[in-house]
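Here are a few notes to go with the model. Have it open while you read.

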Protein chains: 2
Amino acid sequence: MNNSYQRIVMASRPNGEVKVENFRLETVPVPEINDGEVLIRNHFLSLDPYMRMRMEDVKSYAAPQAIGDTMIGGTAGQIVATKNPKFAIGDYVVGMQGWAEMGVSDGTLLRKVDTTHIPLSAYLGAVGMPGMTAWYGFTQIMQAKPGETIVVSAASGAVGSVVGQLAKLRGCRAVGIAGGAEKCAYVVNELGFDACIDYKAGNLLADLAAATPDGIDAIFENVGGEIFDACLSRMNPFGRIALCGMIAGYDGEPLPIKNTRVLLTMRLSMRGFIVSEYPELWPQGLKELGGLAATGKLKFRESVAPGLAAAPEAFLGLLKGKNFGKQLVKLN
Amino acid sequence: MNNSYQRIVMASRPNGEVKVENFRLETVPVPEINDGEVLIRNHFLSLDPYMRMRMEDVKSYAAPQAIGDTMIGGTAGQIVATKNPKFAIGDYVVGMQGWAEMGVSDGTLLRKVDTTHIPLSAYLGAVGMPGMTAWYGFTQIMQAKPGETIVVSAASGAVGSVVGQLAKLRGCRAVGIAGGAEKCAYVVNELGFDACIDYKAGNLLADLAAATPDGIDAIFENVGGEIFDACLSRMNPFGRIALCGMIAGYDGEPLPIKNTRVLLTMRLSMRGFIVSEYPELWPQGLKELGGLAATGKLKFRESVAPGLAAAPEAFLGLLKGKNFGKQLVKLN
C-alpha cells in the first residue's frame, strides 16, 4: 500500500459556470487510524448535481463546501485497515468520503453492502442515493395511481431512470424528457418508458402534448426552467410535483416558473425535498430497489470517468447533460 | 313587490384589464316559482377576486362565466316566496344567486343563517366563503404551530384578515402585507397582527426582514408576483405555502415566481386550493368562525357599494385593492 493518495479540493468558488480551475488535485499522506476507525480505499466516486449547489456560499439545506476542503461526494470502496470491530478488511462499504482515493471513517454513515447480486457501483446509483431520491419522490410525493401519467425530466439520468421504471412497475404511463435521440431511444427501448421527448428537438410543447394525451398527473422535476413550464401547462387537477432539482439554474442564472396560474387553477401540490432527511425510509426503499436491481427489473446505465484526475471534467459534463446514465469516477 | 328586478350580465370578456363595459345592467321580470323552489330577495352581493378568473375563457377549476349570463356571485338575502317546505318566508339565506336583486333556487346550495348574533353580511365574509378559505388554508395547509411566523398578503381583505386572526388565536406570530398606511394600521391595531408591511412604501424586502426576525414558516398567498417572491426569500426549512390567489396576475400579465431555488433548498411545500371542493370541512370551519365572530374575537370590516348598478365599479376597485375589508354591494 502506497503511503500517499490523491484527493480533489475546491480551490475557489465558481463565478457562474463551474470551471476545472475551481478544483485542485492534491497528493496527501495516508493517515493513521485511531481506535474505532477504518481506512477505506474508494473504488468509485459518485458525481451528482447537488454538488454544484454546495459550491455556492448561500443559505441552503447544508453548509456550503469549504474552500480548500476535499469536495463532498458519495463513494463506494473497500476496507483496507480497521480498528472498528464492525468492519473487517475487504468489506465493501458505501460512504461519503468525498473526491478522494482513500478516506477514514468512524463508521458513522458507512454502510456495508453485498456485491453478490448487485455490482458495487450500483450502490452509488439505482440502489443508492439517486435511487432513493427517485423512490422517495415517487412514493411519498407523486403518489401516482395505476393509469395515471407521470413525467420525469432528465429521464436517462441516475434519478430519472428509476422514477420512470418505478412508475411502470406500478401501472402508470411514464413519459420521460431527455436531451438527444440516443438518450430518448434508451429511455423507451431499454428502460421501458411509454414515451420520451427530446427537448433538444425544438418541439417540446407539441411533443409533450402528443405524449400525454390524458394530461399529466404528477411530475418529477430535475431540470426546471422551460421544461418545467411546459410540463405545468399539461397538468391535471390535483397534480403533484416532486421538486428534486433545477439543474438548469445551478450556475446562478434566474430560473423563473412562468406558468404560475396553473398552480392555482389546477390546485397543484409541489414539494421540494432532500432524501437524506428521511433516513427512516431508506431501509424500505433500498430493499425494494435492491430486490428489483438484483432480479434485473430495475435497469441502469453508467458513465464512468477514468481516475480521480478526470473528475472535474466529468462533473462539468454532468452539469451540461453530457453523461448518459449515472456519472461515476473509477478510482485507481 | 315589483314584478321586475335588476341583474348584471357579462357583456363581453375582458381583454387585459376589466372595464365597466364588460358588464351590462338588465331589467328582467320576476319569475314564477315551481314546486320545490323559493324566490329570494338578495340584500347583499359579495364581490370576490375569483370572479376575475372566471371571466376568462381558459381551462380552470370551473367552467368560465358565459357571455350574456348573470355574473356569478355569492349573495345573502331573504325568502320572499316559497314552494319548498324547508324554507319559510322571511328566512335569511346565503346562496349563489349572482349579481342580481332576486333569484330562484330549488334549495340546493342554499344555506339558512341565523342573524341573531352575526349580521347577515358577515355570512358573505368572515363567516362565509372568504372565512372558510382562510380557515382551510390555515388549518389544512399552513398548519402553523404556536411560535411560528406566518405571513399573509392582502392582509386587510376578507380572507387575509381572518388568516392572521386565526394565527394569533393559535399563538403564532402574524405578519400582514397590505397597501397603504391606513390598511396597515388597521391590521395591527384592530385585527391584532404583530406587524403589517405597506408594500407601497417601497421597502418591501427590508421591512419584511425586520418583521420576520426568525424567518417565515408559512405563507398564505393572495397576491403573487414581487410580494410572493419577497416572502419566499425569508422562508425557513419545511415552510408551507397556501396558494389561494394571485390577484396581481388576474388581468393576464405574466406573474413568474423568480425565487424558485428556495423551493428546493428550503424544501418548501406549496398547494393551490379552492375551498368549495372541501364541503366536508365547512361545518367544522363555520362553527369555529361563527363562534369567534359572535363573541367579537373575529373582527371584520366591510366596504359596501350602494346598489347593484355600483357593482362593476366596486369590482374594478377590488381588483386594484381600493376596497378596505370585505367588498359587498348593498342591494335595494
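1. Some ground rules: angles under 35 degrees count as roughly parallel, over 145 as roughly antiparallel, 65 to 115 as roughly perpendicular and the rest as oblique. This is a predicted model, where local features need pLDDT of at least 70, side-chain atom pairs count only at pLDDT 80 or more, and totals for chains, interfaces and linings use all residues. Residues are numbered from 1 along each chain as its sequence is written, with chains lettered from A and ligands numbered from 1 in the order in which they are written.

2. Helix H2 (residues 129-142) of chain B packs on helix H3 (residues 160-169) of chain B at about 45°, axes 8 Å apart (axes are lines fitted to C-alpha atoms, for helices over the stretch in contact, and angles run from 0 to 180 degrees between N-to-C directions). H2(B) and H3(B) are therefore oblique to each other.

3. Now the sheet: twelve strands form an open sheet with mixed pairing, in the order E10(A)-E9(A)-E8(A)-E11(A)-E12(A)-E13(A)-E13(B)-E12(B)-E11(B)-E8(B)-E9(B)-E10(B) (strands pair if DSSP finds at least two bridges between them; strands are DSSP E runs of at least two residues, and helices are H or I runs of at least four, numbered from the N terminus). E10 (195-198) of chain A and E10 (195-198) of chain B stand at the edges with a single partner strand each, so one side of each lacks a neighbour in the sheet.

4. Where do the chains meet in the sheet? Strand E13 (residues 269-272) of chain A pairs with strand E13 (residues 269-272) of chain B, antiparallel, over three bridges. A:Arg271 sits opposite B:Ser269 in E13(B).

5. E8(A) pairs with strand E9 (residues 173-178) of chain A in the parallel sense over five bridges, and A:Thr149 stands opposite A:Arg173 in E9(A).
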